[in-house]
Amino acid sequence: MTTANPGGPAGRILVPGGYGAVGATVTSTLRAWFPGRVVPGGRDAARAERHGGVRVDVGDPAGFGAVLDELGDVTLVVLCVEPPDPGIARVCLERGVGLVDIGATRRLLDGVTALRGVAVRSGAAAVLSVGVAPGLTNLLARRAHEEVGGADRIDLTVLLGSGERHGADAVRWTVDGLAAPTAARPLRISLPGHGTRTAYPFPFSDQHTLARTLGVAEVTTRLSLDSRALTALLFALRRTGALRAVRRAGPRRLLTEAFRRVHLGGDRFVVRADAHRGGRHAAWAATGREQSRFTALMAAHAAREVLSGAVHPGVHHIEELPVFAKLPEGLTGAGLTVRRLLPGDAR
């Protein structure tokens, strides 16, 4: 990975959601690399100001654009809170402002991807799929895909620590995912440090992105929690249809609040990518602690590469950019373990 390039663009870095569960780490990491240039933002003006930032609302593209114009020298926006639509991305890219987006919702990522022409015309670079899932999953999937000479099928497995405290956006997104219908089947699979687990299909955006960027016919992402009991309970409720009610606002709020209060398990996570082509098989896994922290570190490294000029104009998912191919190994100093799984470790 490159280090900060003092010859690159010297404007400021705006971090909407920059004092939240993920954004606070993004802000502190970028401040260490780019002193005096990082501006956290959020809807709570007083809180934003306490952190040396400004008030921004990602639900108000016109107002967001006014903030960019007022600041005048923003080079990059690192979006650490999910907006309702791609309007914020358009506002940035039309102005030639780069974008790093930690979002994980397929609809929104597809909307930003569709702005590729806008970004190219303005000379702006955007990097998407920059967290753990999507993010690490995408990078490991590409490795495994290339090792088998182009996969026919990719299975992605994510185990999250159910004891970790997540931000409100992440919890709401998880609740919505539990309520989403799926036709894919569960999978029994070995996960480093956790033995053999049952993982259940879950609507992570990586499976849809990778089918397109890698040209793989079948990509499925599955989820398990480190608490076996909680995993079994949640997916039993989904199987019976009991979670469909959370699509309504009232039940959705109740379940979201329950998730934020209940912490069963630890903070370790695992991501695993398996690629299959005929009789060929390759598998990679990464393990670490505090998924939110690694989402932030992935975003910060993506931001640093955009600012260094290593990412050409356009909208890119992280696996499409060779500069990030070794990023997992670049995070080993932060506690990430990355390894190629041997045949005895894989199914």
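1. In this predicted model, helix α4 is largely enclosed by the rest of the structure, because six of its eight residues are buried. The buried residues of α4 are Gly-87, Ile-88, Ala-89, Val-91, Cys-92 and Leu-93. After α4 comes Gly-96, a residue whose phi is positive, near 80 degrees.

2. Two packed helices are described by the angle between their axes and the distance between the axes. For helix α3 (residues 61–71) and helix α4 (residues 87–94), the angle is about 30 degrees and the axes lie 9 Å apart. Since angles under 35 degrees count as roughly parallel, α3 and α4 are therefore described as roughly parallel to each other, and the crossing in which α3 passes α4 is right-handed.

3. On the side of α3, the contact is made by Pro-61, Phe-64, Gly-65 and Leu-68, while α4 contributes Gly-87, Ile-88, Val-91 and Cys-92. By class, the residues of this contact of α3 with α4 comprise six nonpolar and two polar ones, with no charged residue among them. As background to such spacing, an α-helix has 3.6 residues a turn, so residues three or four places apart point the same way.

4. A separate point concerns strand β8 (residues 187–191) and strand β9 (residues 195–201), which pair in the antiparallel sense over five bridges. Within this pairing, Ser-190 stands opposite Thr-196 in β9. The two strands form a hairpin with three residues between them, and in the turn Gly-193 has a positive phi of about 85 degrees.

Definitions and conventions. Residues are numbered from 1 along each chain as its sequence is written. This is a predicted model: local features need pLDDT of at least 70, side-chain atom pairs count only at pLDDT 80 or more; totals for chains, interfaces and linings use all residues. Side-chain values use heavy atoms; hydrogens and water are left out. Axes are lines fitted to C-alpha atoms, for helices over the stretch in contact, and angles run from 0 to 180 degrees between N-to-C directions. Helices (H or I, at least four residues) and strands (E, at least two) are DSSP runs, numbered from the N terminus. Angles under 35 degrees count as roughly parallel, over 145 as roughly antiparallel, 65 to 115 as roughly perpendicular and the rest as oblique. A crossing is left-handed if the near helix is turned anticlockwise from the far one by less than a right angle, and right-handed if clockwise. Contact means heavy atoms within 4.5 Å. Ala, Val, Leu, Ile, Met, Phe, Trp, Tyr, Cys and Pro count as nonpolar, Asp, Glu, Lys and Arg as charged, and the others, Gly among them, as polar. Two strands pair if DSSP finds at least two bridges between them. Buried means under 20% relative accessible area, exposed over 50%, partly exposed in between (1.4 Å probe, protein chains only).
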